[in-house]
Each structure stands twice: as C-alpha cells, then as structure tokens.
Amino acid sequence: MAYRMKQLRMLFDAQLKETFRERQVWFWSIMFPVLLLVIFMVIFGGDGDFSAKVAIVGERSGAAAEAFVQAAEATGVLKIEQDLDLREAEKRLKDKRIDAVIVLPESGETGDFRLLLNAEGQTSSTSQALGSIAGQLTAAANQVATGAAPAFDLKTEYVSASNNNRLKFSDFLLSGMIALSISQSGLFGMVGLVEIRRKGLLKRLKMTPVNMRLFGIANVGARFILSIVQVILLTIIGVLAFRANVDFSPLTFLLTFIVGTLAFSGLGYLISAVSKTMESYMGISNLVSFIMMFLSGIFIDVNVLPGYLRPVSHVLPLTFFVDGIRGGMVYGSGMNADMWLNLAVLAAWGAVSFILATLLYRRRSASV
Amino acid sequence: MHVLEVSRVSKSFGSVRAVQEVSFAANRGEVFTIIGPNGAGKTTTLEMIEGLQRPDSGAITVLGMTWDKDAENIKMRIGVQPQSSALFDLLTVEENLALFASFYDRHRPVPEIMELINLTDHRRKMVKTLSGGQKQRLAIGLGLINDPDIIFLDEPTTGLDPQARRNIWDIVLKLREIGKTTVLTTHYMEEAEQLSDRVCIIDQGRVVAMDTPKALIGRLTREREIHLKFESDAAAADAEGAARTEPHATRVERNGEHLRIRSGKPEATMYHLLGFASGNGLSIEQVSIREMSLEDVFIAFTGKEWRD
C-alpha cells in the first residue's frame with residue numbers, strides 16, 4: 001500500500017514534469033489563450049462606447065431639418081461634420097474617413113432624409129446602429145413637422161442575469177476564454193497518450209507491474225494543475241489589464257471546474273483511442289474544439305446563432321461548461337438548478353467518453 | 001535448472017506463420033542468444049515470453065510460473081529492454097530510473113544502476129538530449145532496476161556505431177559475471193559469438209540449430225580456406241600446380257598473385273605449399289587461414305547466404 005502511494009506520487013511528478021517541460025504546452029496552453037484573450041479584449045472588450053463620424057450635407061431649411069440636426073448633435077455619439085458638399089462627403093465615405101453621410105431633403109417641408117453608408121461595411125454593427133439612429137432621428141423630425149406629440153416612446157435597458165449591474169462584454173469574454181482554454185487543455189492534453197503508444201512506451205509500461213489506473217489518475221492530476229495555472233493567469237490579466245469584473249461563487253466555480261476538467265479529459269481520452277497518429281489526434285481535436293468555440297457561446301451569445309444551429313449548441317459540452325463557469329465567476333449565481341444541469345450534462349459527456357474509450361483500448365489490446 | 005522453458009510454441013498472424021513449434025530452455029546464469037535474419041520470428045518469440053503476445057499453441061514457463069496464473073509475479077521478477085528504446089523523453093536519466101523503480105516492490109539503488117550502465121556523468125540530462133547508444137544503455141538500465149532474475153534484451157545493438165556496440169557488450173559481460181540470466185536477440189553473428197554461452201539459430205519461424213557457438217562451428221566440416229599472396233603472377237601460377245597435386249586440397253582458385261585453396265586438412269596442405277615455395281625460391285607476401293564462424297554455420301544449416 002505504501003509503495004502504491006509512492007508510485008502515484010512518482011507518476012504524478014513525472015507527468016507534471018513531462019507537461020511543463022514541453023514547449024508546445026507552454027505555447028498552446030499558456031501563451032495562446034493569453035494572446036487570444038488580449039486580441040479579443042482589444043477588439044471587442046472596450047468600454048462599450050459607440051461613436052461614429054457622420055457628415056450632414058444639404059440646406060437646413062425648415063424646422064424639421066433643423067430638429068433633425070439638433071437631435072443628431074444631442075445623441076452625443078455622433079461626431080458631425082457639416083461644412084462639406086455632397087461630393088467631398090461621398091469621397092470621404094468611400095475612403096472610410098467617415099462612417100456615414102446624411103443628406104437633408106431639398107425642400108424644407110417634404111422629401112427624404114438620405115442615409116449613405118459604405119457598402120463594404122453594410123453588415124457591420126456600426127452601420128446597423130447608424131441605421132437605427134437615423135430612423136429615430138427621422139421620426140423626431142416627423143413629429144416636429146406634424147406637430148404631434150408622441151403617444152409612446154421606447155426606452156431600452158439592458159438586463160442581465162448578474163447581480164452586478166456593471167457587467168460588461170469583457171466579463172463575458174474573460175469567463176468564456178477561461179472555459180475555452182480549460183476545455184482545450186483537456187481535449188489536446190491527451191496527445192501524450194498517442195505519443196507513448198506510438199513510441200512503444202505504453203507497451204514497455206505493460207511489461208512492468210505498474211498500475212495503469214494510477215498512471216491515468218496522475219495524468220488527470222497534471223491536467224488539473226495546468227488548468228489552475230490557466231485560470232489564475234487569465235483572471236489576473238483580464239481583471240488588471242481590461243478591468244473585467246468577477247463575482248465568484250466559490251463552490252459553483254470549483255464544482256464546474258472539476259467536473260468540466262474531467263469531462264474534457266475524457267473527451268481527449270476518447271480521441272486518443274480512435275487516432276493512430278499524433279497528426280490524426282490533433283486534426284480531430286482541432287475540429288471538435290473549433291466547432292465548439294463558435295457554437296458554445298464563447299465569443300457570441302448562443303441565442304444570436306441561427307435557429308437551425310441552436311439545437312447543436314444545446315448538446316455540446318462546452319455550452320454547459322461555459323455557462324457554469326460564468327455562473328461561478330461572473331454572475332455570482334449560487335448552487336442553483338442551472339449549475340446542477342450543467343454538471344449533469346458534463347458528467348454524462350465525461351462518463352460516456354471514458355467508457356467508450358476504455359472499451360476501444362481493451363478491444364485494441366486484445367487484438368494485438 | 002531451467003529459468004525459462006519454451007515448448008512447441010507457435011504463433012500466426014493471419015496467413016503468416018511467424019513462429020512454428022519453437023522449443024528451447026535457458027539455464028540460470030547463462031547468456032542465451034536467439035539469432036536469425038530480420039523477420040525470422042525473434043521478436044515475436046520474445047514478446048510471447050514477455051507476456052505481450054499469447055501463443056496460438058505451446059507452453060511457456062518463466063521462473064516456473066505461467067502468464068495465465070502469475071502475470072503480476074512474473075513482471076516483478078523479469079527485466080525487459082524492448083527493440084524501440086521507449087523512455088520518458090522529457091525526464092532525466094535519473095528521473096526515468098527512479099520512476100521505474102517505483103513500479104516494483106523491491107529495486108536496486110538508482111546510483112548503482114547508473115554506474116553499471118556508465119551514465120552517472122549524464123544523470124541530470126534529459127533523455128531527448130542523449131545519443132542513441134546512451135538511450136539504449138538507459139533502456140537496459142530500466143530493465144535492471146528491479147534486480148530481475150532474467151533480463152531480456154531485444155536487439156540491443158542494432159543501429160549503433162562500433163564503439164557504442166562495444167559499450168553494450170561490456171554491460172552484457174558484466175551481467176554474466178554477476179550471474180544474471182540474459183536472453184538476447186541479435187542479427188549480428190559476431191555479437192552472438194562473442195557474448196553467448198549458447199546460441200539458438202532461428203530461420204523462418206523455426207529453430208534450425210542450438211548449442212554453444214564452439215560446438216556449432218565444430219559441427220561443420222573441418223574444411224578451411226587458405227589464402228596465399230605471392231610476389232608475382234608467375235610465382236602464384238607455379239604454386240597453383242603444386243596445390244592441385246596436394247591430396248587434401250578440394251578446390252584451388254587463382255586470381256593473379258592470389259591463391260585460394262580449400263582443404264580438409266589445412267595444416268598438411270600449408271606445410272606442403274610452404275615447402276614447395278622455399279624449395280623453388282618463390283617468395284610469399286601474405287598467409288592466412290580463415291576460421292569458420294557462426295555465419296558459416298547459418299549457411300550450412302539453411303543453405304542461404306547470411307545478410308546483416
């Protein structure tokens with residue numbers, strides 16, 4: 001018994017050294033997630049402030065046009081340039097020096113407000129926001145023209161599941177990146193198993209009385225250490241450099257973290273059982289990881305996905321894992337029903353992968 | 001006493017009959033070598049003994065135990081160096097040995113093994129930085145860490161340069177000195193001749209001959225090849241005539257100043273030719289008699305050319 005404990009300690013020690021002495025691990029499991037976090041934070045994180053440069057051309061004839069321009073100035077999000085002629089404004093729009101051109105109606109009383117946008121940017125969020133702002137401004141101008149007071153007005157407020165109403169997109173992104181990197185270190189981490197099989201090390205170990213169960217436990221143990229390093233590093237960078245907010249529910253976070261790490265290690269184990277070479281292992285893991293990255297709500301909310309994709313995302317383990325991690329580190333949600341659902345789905349994925357992989361390994365070693 | 005007994009073991013892979021009715025036994029403390037060309041069935045035989053493959057028929061006992069009943073106990077008491085040196089590449093020499101030591105209920109001290117395989121100076125080096133010969137020595141060291149009663153070395157010197165090969169031979173000879181039973185496979189005849197107490201020649205899955213190297217060579221005819229080099233073609237041609245009349249010479253070939261004679265009684269043929277040369281004032285520049293080797297044994301028993 002004592003020597004079994006020593007064996008486990010030695011195996012764990014060996015796996016830890018094999019993990020942290022591998023440069024690939026440093027790059028893909030540590031550097032790469034940090035890089036990805038920084039890139040996404042810089043592009044999308046921001047403070048959420050929207051602003052756009054708009055040129056308004058044409059005569060401000062009439063009260064409606066006057067009201068339109070004043071309302072545009074009052075939004076505070078539009079930087080307005082007024083002294084350009086139409087040709088110069090269009091040129092600047094094509095060069096993307098400005099985001100839009102608004103042409104006032106020629107007659108002061110009726111006619112169209114025209115909104116010109118850059119065609120290459122027609123799907124961008126800036127263009128869409130400008131469209132809706134211009135629509136509202138036109139409505140305001142109409143009211144002035146007809147003299148009618150609006151009966152209804154729409155006020156938009158953002159509501160989130162968080163107790164913390166300062167929740168920002170960067171918080172969403174940070175927790176997503178943490179979940180993503182943990183899932184990847186599980187998915188990619190079992191490549192070592194393919195390697196030791198290819199090199200004949202697995203065969204060599206089978207010729208010793210080593211307990212392969214202890215070998216597996218030690219392997220998963222090393223995975224945990226790597227994931228803890230990732231969580232700490234990404235959280236520190238997210239909070240210090242990008243002022244992300246965290247609101248930990250320690251138990252929810254810890255449970256999700258443990259069950260999730262096990263589940264993704266199980267998936268990695270399954271991939272190792274079906275791939276003969278390192279290349280095929282990396283190919284399959286990349287594919288799985290790529291699909292989940294976009295369909296599991298890491299960068300974009302699941303509800304934004306087209307309807308036919310949503311059922312897919314509602315079975316992927318990463319969807320449940322990222323939800324659990326967000327619950328545990330951003331929303332501060334305690335041990336609620338959602339958490340148990342997340343844990344149950346993750347546990348199911350882990351258990352099925354593990355059992356399937358074990359059967360495959362058995363069948364293979366029996367056929368040798 | 002036999003520490004290893006293999007009796008009438010066969011193994012097929014699909015339609016390929018890799019091993020057919022192979023039987024042999026190894027004695028305590030000897031170096032027992034299985035030799036044969038590539039694909040002869042050496043590794044398959046060894047893997048069945050090591051419990052990695054199950055024979056289709058036949059029986060194997062290791063230290064009086066069988067794999068069906070005593071797998072764990074056999075593993076505790078044998079040491080293995082497989083053909084591909086399978087090591088933890090990112091661990092050091094010392095860490096690999098210490099890790100493997102933890103697999104066994106008893107083991108030799110790590111420094112002692114490092115001394116035996118001559119890697120003490122490299123103990124803090126990661127495996128991936130070692131040379132091929134050093135890796136091979138470490139692989140042997142891992143097989144010795146549990147102080148095994150039998151050690152199996154599968155082609156330990158294949159692909160190594162002559163100096164690295166010498167180093168491995170030294171280890172095998174040291175093992176014999178301390179009384180370990182070693183089962184070795186190789187496809188180098190010279191190696192088998194130098195190291196083995198007994199040799200088992202395998203070809204196409206069958207045992208073709210088994211004995212001490214000396215006895216195997218002794219079983220060949222006493223015929224030897226004599227090689228003489230004369231000062232000139234004319235001198236060699238004169239001597240050729242004398243050789244053809246010598247009663248023990250079975251074949252005579254001349255190529256310029258070189259004369260090759262096969263003889264059933266080489267010392268008599270030699271005496272006759274040297275007498276002829278000095279009597280006729282012919283001067284000889286080189287004399288040699290080629291000894292028969294295991295290679296000739298292989299050719300004699302299989303009728304095939306030996307290729308490394």
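Author: Chain A is divided into domain 1 (10-45 + 168-367) and domain 2 (52-146); such bounds come from an automatic or database domain assignment. The model is predicted, so local features need pLDDT of at least 70, side-chain atom pairs count only at pLDDT 80 or more, and totals for chains, interfaces and linings use all residues. Residues are numbered from 1 along each chain as its sequence is written, while chains are lettered from A and ligands numbered from 1 in the order in which they are written.

Reader: What separates the centres of domain 1 and domain 2 of chain A?

Author: A distance of 48 Å, taken over C-alpha atoms. Chain B is divided too, into domain 1 (2-218) and domain 2 (224-291). Their centres are 45 Å apart, again over C-alpha atoms.

Reader: How many helices and strands does chain A have?

Author: Chain A has 14 helices and four strands. Helices (H or I, at least four residues) and strands (E, at least two) are DSSP runs, numbered from the N terminus.

Reader: Why is α10(A) called roughly antiparallel to α13(A)?

Author: Start with the angle. Helix α10 (residues 250-274) of chain A and helix α13 (residues 317-329) of chain A have axes that cross at roughly 155° and come within 8 Å. Axes are lines fitted to C-alpha atoms, for helices over the stretch in contact, and angles run from 0 to 180 degrees between N-to-C directions. Angles under 35 degrees count as roughly parallel, over 145 as roughly antiparallel, 65 to 115 as roughly perpendicular and the rest as oblique. The angle therefore makes α10(A) roughly antiparallel to α13(A).

Reader: Which way do α10(A) and α13(A) cross, left-handed or right-handed?

Author: Their crossing is left-handed. That word applies if the near helix is turned anticlockwise from the far one by less than a right angle; clockwise gives right-handed.

Reader: Which residues of α10(A) meet α13(A)?

Author: A:Thr252, A:Phe253, A:Thr256, A:Gly260 and A:Ala263 do. Their partners in α13(A) include A:Phe321 and A:Ile325. Contact requires C-beta atoms, placed from the backbone, within 7 Å. By class, this contact has six nonpolar, six polar and no charged residues. Ala, Val, Leu, Ile, Met, Phe, Trp, Tyr, Cys and Pro count as nonpolar, Asp, Glu, Lys and Arg as charged, and the others, Gly among them, as polar.

Reader: What makes α6(A) oblique to α13(A)?

Author: Helix α6 (residues 169-189) of chain A packs on α13(A) at an angle of about 130°, with the axes 9 Å apart. That angle makes α6(A) oblique to α13(A). The crossing here is right-handed. A:Phe321 and A:Ile325 of α13(A) are among the residues that meet α6(A). The contact divides into seven nonpolar, three polar and one charged.

Reader: Why does B:Arg244 count as exposed?

Author: B:Arg244 has 11 C-beta neighbours inside 10 Å, so the residue counts as exposed. A residue is buried with 20 or more other C-beta atoms within 10 Å of its own, exposed with 12 or fewer, and partly exposed in between. B:Arg244 sits in helix α9 (residues 233-244) of chain B. Beyond four places away in sequence, B:Arg244 touches B:Ala249 and B:Val252.

Reader: How many residues does each chain give to the contact?

Author: Chain A gives 19 residues and chain B gives 20. On the side of chain A, α1(A) gives the most, with seven residues. By class, that side has seven nonpolar, three polar and nine charged residues.

Notes
Two residues are in contact if their C-beta atoms, placed from the backbone, lie within 7 Å.
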